[in-house]
Amino acid sequence: MLPDQQAATNAQTQPVASSQKIADVLSNLVPGQRILAEIQALLPNGSYRAVVAQRDVTLALPFSAKAGDTLELEVTESDGKLTLAFVANRSDNTAKPGQESVATTLSPTGKMIGDLMGGIDGEGKRAPPAPLNGSQPLVESMPKTAADLAPILKQALTQSGMFYEAHQARWVAGELPTDALKNEPQGKLSTLQTQVTGDAASAKSSGAANADALAINPAAAARSEAASGNPVPRELAPLVHQQLDGLATQNFAWQGQVWPGQQMRWEIGEDLDNSPSSGDQEAQRWQTRLKLSLPLLGDIDVALNLRAGGEVSITLTADSDTSEASLRDGAQQLRRQFDAAGLNLTNLVVQHGEAAE
């Protein structure tokens, strides 16, 4: 989490957001301890791959760095989710012993991001889940089958605003219609005045001129907040927090109603399980997780690990032994449904108690 940013000195450090993996491999570090991180590469999502204590980690830095830089970091918290602060860039080997490090300052964009991340509270050091579909139910009534619900969840994810900037790039390239952007939260608050028409070629030619209009540029209803120094409209703040948190942790979280009265918390992130699969070992692996409170089964936590070749493993956690028994009774039916869908259910665990975080 990034606090308010100031020009850094040796006495005032800047925070560095670490990915979830770093806490697992460096959990023995204590507050006040200093370590060195060697930057290996800039990743596509804006974070950096680095080596800390001979371990590969991912860092979200509040400033630019380059491959080969050696950063001195200080542990500020180590309570299950490691938090590091930037002390100095030790890459300049020509510096004389005892010479003070050059102060590092942030760009206006970096300061804005720091201010936004500094506003996160309520759930420890992570951004609270963003409201899905404006806190309105995704459907008017419970779908009859899972096949009916899947495209609805996909649409809600696509239009959530989490990937708005990527969608802007596709729109400029003529690969996405304007209406698709206007259906996302940022697009609904944009100052877009004209409708882009014509074929993909005209979209490309007009894209650069209209891109700013579809950016997070609040309309008249939100201009008062921008004028007061808040760069993001109040209604978009949870979403922007979730975007920044997602870049740092590769984990996205939403909460809302699936159908009227049915609350759901939905998370998507990288699968950190190192167990082998029968498919491509290098393929990206993901975990999606649903938390529901059902009328008959009570609180249910479902974790699905998705791997190459259609492999799926599921862990179902109920809040009572009665609910666990009911879920076990339906296990064979669940397996048959996976087989019918062409998916390989490699492992199914049904238990009750507290779900692992």
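Trainee: In the hairpin of strand 8 and strand 9, which residue takes a positive phi?
Mentor: Gly261 does, with phi near 85°. That hairpin has 2 residues between its strands. Bear in mind that this is a predicted model.

Trainee: How many bridges join strand 8 to strand 9, and do they run parallel or antiparallel?
Mentor: There are 8 bridges between strand 8 and strand 9 (residues 262-270), and the two run antiparallel.

Trainee: What stands opposite Gln257 there?
Mentor: Gln263, in strand 9.

Trainee: And strand 7, how is that joined to strand 8?
Mentor: By 2 bridges, with strand 7 (residues 130-131) and strand 8 running parallel. In this pairing Ala130 of the chain stands opposite Trp254 in strand 8.

Trainee: Changing topic. How much space lies in the largest pocket?
Mentor: About 1800 Å³. The pocket is lined by 43 residues, and those closest to its centre are Ala146, Leu149, Leu290, Leu334 and Gln337.

Trainee: Which helix gives the most to that lining?
Mentor: Helix 3, residues 146-158, which contributes 8 residues to the lining of the largest pocket.

Trainee: What about the lining by class?
Mentor: The lining of the largest pocket has 33 nonpolar residues, 8 polar and 2 charged.

Conventions: Residues numbered from 1 in each chain as written. Predicted model: local features only at pLDDT ≥ 70, side-chain atom pairs only at ≥ 80, totals over all residues. Heavy atoms only, no water. 1 Å grid on protein atoms, 1.4 Å probe; cavity = no way out; pocket = protein on both sides within 12 Å on 5 of 7 lines; lining within 4 Å. Points joined across faces, edges and corners; volume = space filled by probe spheres on them. Helix = DSSP H or I, 4+ residues; strand = E, 2+ residues; numbered from the N terminus. Nonpolar A, V, L, I, M, F, W, Y, C, P; charged D, E, K, R; others polar. Pairing = 2+ DSSP bridges.
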